[in-house]
Amino acid sequence: MMSFYFSRLVEIYPFFFTGLWMTCKIAFISLLTCTIIGFVLGIFRAGDNKILKFIIGIYVAFVRGTPFVVQIFIIFFILPEWGIQLEAFPAALVAMAIMGSAFICEIVAGGINAVPKGQWEAAVSSGLSFVQQLRLVIVPQSMRVILPPLVGQYVLLIKDTSVVSVIGVMELTRVGWVTVVRIPEGLMVFSLVGILYFSISYPLILLSNYLEQRMAVK
C-alpha cells in the first residue's frame, strides 16, 4: 500500500512545485513590501517624535500580540463587511506585509538605537540633512546589528506563508491538504511539504548564521 501511495505521489509531484512557486511568489513580494514598510516605521520608531513613536508602538504591539491567522481572517472576511473586498492572493500579501513590517520595525529601531549618540551629533555638526544622516552615517552602522536578525525574520516569514492556506491560497501547505484527500498518507505527503519548505528556508538560515558570526558587534 505504501508503494502505491508513493507512486501516486510521484505522479502528482508537479502539483507540489506549483504550490512551491506560489509560496515563493508570496514570500518574495511580502518580504520586499514588509522590508520597505518596516524600515520606514523603524526609523520613525527610533526618532524623537513622541506621537509617531506612540502610534507605531500601538501598531507593533497589536500586530505582534495577535495571532497571524486572526489578522488574515479580519482582512479577508471582516473588511468586506466595511466595503473593502480583497481576493485571497492580495489579502494574503496585505496580511503578510502588515505582520512582517511590525517585526522588522522593531529590528530596525533596535539597530538604529544601538548607534552611539555621538554619531548622530557628528552627522548633525557636519551639516548633513536628516535623510543624509540616515543614509550616509546611521543606517550603514546600524546594519551590523540589523542584518542577522532581519535575515532570521525572513525565514520565519517564509514559514508563515503556510498560514495563508486558511483562506484558500493554493500555496505549498494548501497543496499538501488537497493531496492528503487523494493520498491518505499524511506523513508521506507532509514530509514532502516540509522538505520543500526547508529547501527555500535553509539557505537563509545559513546566511543568518554567517551574518551573526561575520557582523557580530564586538
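This is a predicted model: local features need pLDDT of at least 70, side-chain atom pairs count only at pLDDT 80 or more; totals for chains, interfaces and linings use all residues.
1. Let's start with the main core. The largest nonpolar core holds 48 residues, and Ile104, Leu157, Ile167 and Val169 are the ones with the most contacts inside it. Helices that each put in at least two residues are α2 (13-45), α3 (50-65), α4 (68-78), α5 (88-113), α6 (117-125), α7 (130-160) and α9 (186-214). The largest share comes from α5, with 14 residues. As general background, nonpolar side chains in soluble globular proteins tend to be buried together.

2. What does isoleucine 104 touch, if residues up to four places away in sequence are not counted? Its partners are Cys34, Thr35, Gly38 and Phe39, plus Leu150, Gln153, Tyr154 and Leu157.

3. Threonine 161 is worth a click. You'll find threonine 161 in the loop between α7 and α8 (172-182). Is threonine 161 buried or exposed? Its relative accessibility is 0%, so threonine 161 counts as buried. Setting aside neighbours within four places in sequence, threonine 161 is in contact with Thr23, Ile26, Ala27, Met96, Glu171 and Tyr197.

4. Leucine 172 lies in helix α8, and at 0% relative accessibility leucine 172 counts as buried. Beyond neighbours within four places in sequence, leucine 172 is in contact with Phe16, Gly19, Leu20 and Thr23, and also with Val193, Leu196 and Tyr197. Thr23 and Tyr197 are on the contact list of threonine 161 as well.

5. The largest pocket has about 260 Å³ of space. Of its 14 lining residues, Ala46, Gly47, Asp48, Trp120 and Phe130 are the closest to the centre. The lining draws at least two residues from each of α2, α5, α6 and α7. How many of the lining residues are nonpolar, polar and charged? Nine are nonpolar, three are polar and two are charged.

6. Last, the aromatics. Searching the whole structure turns up four aromatic pairs. One of them joins phenylalanine 73 and phenylalanine 77, a tilted pair at 5.5 Å centre to centre with 55 degrees between the planes. Both of these residues sit in helix α4, four residues apart, or about one turn of the helix. Phenylalanine 73 is partly exposed, with a relative accessible area of 35%, and phenylalanine 77 is also partly exposed, at 42%.

7. With phenylalanine 76, phenylalanine 77 forms an edge-to-face pair, 4.9 Å centre to centre and 80 degrees between the planes. Why does phenylalanine 76 count as buried? Its relative accessibility is 17%, and buried means under 20%. Put together, the ring pairs link Phe73, Phe76 and Phe77 into a cluster.

Methods: Residues are numbered from 1 along each chain as its sequence is written. Side-chain values use heavy atoms; hydrogens and water are left out. A nonpolar core is a set of buried Ala, Val, Leu, Ile, Met, Phe, Trp, Tyr and Cys residues joined through side-chain atoms within 4.5 Å. Buried means under 20% relative accessible area, exposed over 50%, partly exposed in between (1.4 Å probe, protein chains only). Contact means heavy atoms within 4.5 Å. On a 1 Å grid over the protein atoms alone, a cavity is a set of points where a 1.4 Å probe fits but cannot get out, and a pocket is an open set with protein on both sides within 12 Å along at least five of seven lines; lining residues have an atom within 4 Å of a point. Grid points are joined across faces, edges and corners, and a volume is the space filled by probe spheres set on the points. Ala, Val, Leu, Ile, Met, Phe, Trp, Tyr, Cys and Pro count as nonpolar, Asp, Glu, Lys and Arg as charged, and the others, Gly among them, as polar. Rings of Phe, Tyr and Trp (its six-membered ring) pair if their centres lie within 6.5 Å; planes under 30 degrees apart count as stacked, over 60 as edge-to-face and the rest as tilted.
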